[in-house]
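Please look over the model below before reading the comments.

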Amino acid sequence: MADKIKIAQYWGAGCGGCDVALLDIDAKILDVHAIAEVVFWPIGFDGKLSEIEAMPDKSITVSFYNGAIRNSENEHVAKVLREKSAVMIAFGSCACFGGTPGLANVTNKKEVFQTVYKDTASTDNPDFVTPQTQLKVPEGELDLPEFYDSVKTLDEVVDVDYFMPGCPPTVNLIALAVDAVAKHVTEGADLPPKGAVIASDKTLCDECDRERVETGRRIEKIYQSYEIKADPKKCLLDQGIICIGPATRAGCGSMCPKANMPCRGCMGPTKAVMDHGGSMLSALSSLLNITDSESKLSEEQIMELMMQVKDPLGTFYAFTLPKSLLKRTVTEKRKRKG
Amino acid sequence: MSGPIINDTPTKTTEKKITIDPITRLEGHGKIEIFLNDEGNVANAYLQVPELRGFERFCIGRHVQELPVLTNRLCGVCPAAHHIASTKALDAVFDAKPTETAKKLRELFYMGQYTHSHIAHFYALAAPDFVLGPSAPSNKRNVLGVVDAVGVDIGAEVIKHRSYGQKVQEIVGGRATHPCFGLPGGVSKQISEEERAQMEEMAKSCVEFGKFTIKLLHDVVLANQDYMGLVLNQDAYYLETYYMGMVDSDNKTNFYDGDIRVVDQEGKEVVKYKPSEYLDVIAEHVEPWTYMKMPFLKQVGWTGFTAGPSSGIYRVGPLGRINVCEGYTTPLAQAEYEALAKTVKDLGVTGPVHHTLAFHWARVIELQYATERMLELASDKSITSDDIRGEVNEPTEGVGICEAPRGTLIHHYASDKDGLCTKINMIVATTNNYAAINTSVIQAAKALIKNGEVSPGLLNKVEMAFRCYDPCNSCGTHALNGSPALEVNVRRADGSKLDTLRNF
Ligand code: SF4
Ligand code: SF4
Ligand code: SF4
Ligand SMILES: [Fe+2]
């Protein structure tokens, strides 16, 4: 048998869900075992970073990097793996767009430390001790990675070959990627073009089987999920529940709408758009008849409706803030203020 | 199958500092620094958690109804635990009483989580140390090595039943990793009779697999003198601490609901509290060499990394729960609990089990309980009722607590009248254990490394001291949240302004 290919899976600022997703391919794990040797995967394997650093460049066939870049260690390991890997995949929405931890980009290190190490109800820290990157202890010195002011996506710090969105990526998507790599290794098949997003190009609504109002769609009032009992058959948006399916990439099998809950966009925006929330707002404006010249709602009524979305950031950018255009606006505002 | 490799040959080091980075087979990041003195003995050790994400900051300003979905992302290994604690916190915030059906569905879903999580930990993270041995070559010491050693058939059973746990969560909770069904006062989705029947079948199979796992633990670990030597090594793996865990009104373990009980080193009840009272019992200490906080019992106080009655350090998770409970409501788990109690008694131990490696035994008993409870709930035909949503009132403040696989999990939210989160505090399972874990690591390092002699196997035995806690540092490093007052211009991709949004 030919030599096994080498794979690595690492987590930056993520939750481990992407690692569990790899376990969720179940029996396919044994296929992977047949062709691949895992050289680095801290959740389940004992390889240490020093061993990776000692490897020749490009000697790892594929690295899957999940989690965002929150601190200097995340960035360092991303750079090491990039150097040592032929193919680097941004695995999951945190690596691709910043993910949920990316919501922290509305704040900064100072505020985070203030809340976490001081203001939280159970914290007992009268001297406001905070973690230090360099510290002398009686026995010697200790160091910690530096917590950055903002969250970065993987492709902001290294060159990324492929993107696999999803929080976490679905089993189907992973199987697709595993097959592509396996075919490449065993049969010499071509890999997808560099920069490709390994996912569908459709929108979630295309794969959602809820009934939509076909003509004259109109929202009269916006509801939170807990305020009404949503009809399990009809489009949630038509019922006034903000579902961001129209702006979200298909591929999950519309899991949340199937559970009678709105999509929050974990697959990220569709191919055509960069700004997830902006794209959803355009979709929403047409639903609110904003772009229709025969709009029946007045400007005021529209604003009133919009204001019913109490938390636009959490509703439209729960997974993509670091990649959105908003980020710049938010940072600019901060700079101007301070 | 050749026998496990317990020991390897140490070599002499002249280094003053030994670094294990990253520590592995845990969920999340960590590194251990061990300092040696001039004689080559351990002066001190630190388990540093190098990361923080700061959910407690960026969840401020979010709509509280989104928190079960956002806080899922604290941890992809036990997202269900966060989803449940968060949903229960919403029950309290909205003063909403979940319906009977909703409660059963949440608990059924949650037993799926335990099945997945405890199987994953025992077979993928812990078993390599037991089946292959703590000193087996590091590139073999993993789940694939275990599969090679025990055979593909058993490997397939492990995979199948862990995935049943995931499947149950997916059916009830909408998704396995990062579920979405929790609403204040209920759940979003009714289940069909067909789904219920499917879950009943899976649960039956899981109960059998629970029995198999208990047998495996007996055959591989308890029957092996060398392992028992490790387990009973009081110099390396033994701490007399307080314990914490959730119990029902009969002091039987419950993962979903109940009061939280704390016992002392002798097993005597120190306090039993309701979720809303947690701030009377727990405070969190901060050290400058790690990003993770260290909770301790407020009434005892923080005295550093020591055990005993004068130190506020307590332990949670399987060992904590088995020490605070007076048994289980299901027969097979109860029988194994009695077997453990007898073994321990025969060894002359009275009161709580302080042997750190007994975590593993407690965990498989809990796996058995979770599968049995899953079967009870899945066999209950009333869970397909459409009565899944209770009344909801104006949002205020509330606390939700459940037992995560790794220990007591606390979510505490405050909301304004529009439902926007104004304050959030979370104390997660692994964080509760952090001070004890660090103490265990210091203890194991001191006991195992002498005269500067180290080996990969010895260092792995130091790692075993934390691994048995099944620490989930992803969970523990949540602390960060959103801008309280934000005004943003939303622009289209071409830069034209679409709208100005405010969250104030
Ligand atoms: S993408 Fe989702 S599942 Fe993956 S690490 Fe990030 S939060 Fe976890
Ligand atoms: S808006 Fe949501 S519920 Fe409606 S069709 Fe699209 S994905 Fe389905
Ligand atoms: S429906 Fe939306 S939020 Fe839910 S899994 Fe699919 S893409 Fe993610
Ligand atoms: Fe966790």
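This is a predicted model: local features need pLDDT of at least 70, side-chain atom pairs count only at pLDDT 80 or more; totals for chains, interfaces and linings use all residues.

1. Residues are numbered from 1 along each chain as its sequence is written, while chains are lettered from A and ligands numbered from 1 in the order in which they are written.

2. Ligand 1 is surrounded by 15 residues (a residue counts if its C-beta atom, placed from the backbone, lies within 6 Å of the molecule). The closest are Gly14(A), Gly17(A), Gly92(A), Cys94(A) and Cys167(A). The site is shared between chains, because residues from chains A and B surround ligand 1. In chain A, α1 (17–23) and α5 (93–97) are the elements that give two or more residues to this shell (helices are DSSP runs of H or I, at least four residues, numbered from the N terminus).

3. The shell of ligand 1 comprises five nonpolar, nine polar and one charged residues. Here Ala, Val, Leu, Ile, Met, Phe, Trp, Tyr, Cys and Pro count as nonpolar, Asp, Glu, Lys and Arg as charged, and the others, Gly among them, as polar.

4. Around ligand 2 there are 14 residues, of which Cys205(A), Cys208(A), Cys235(A), Cys243(A) and Gly245(A) come nearest. This shell has ten nonpolar, two polar and two charged residues.

5. The contact between the chains takes 84 residues from chain A and 93 from chain B (C-beta atoms, placed from the backbone, within 7 Å). On the chain A side, α1(A) gives the most, with six residues. That side divides into 44 nonpolar, 24 polar and 16 charged residues.

6. Chain B is assigned domain 1 (11–52 + 445–499) and domain 2 (55–432), with bounds from an automatic or database domain assignment. Their centres, taken over C-alpha atoms, are 22 Å apart.

Definitions and conventions: Two residues are in contact if their C-beta atoms, placed from the backbone, lie within 7 Å.
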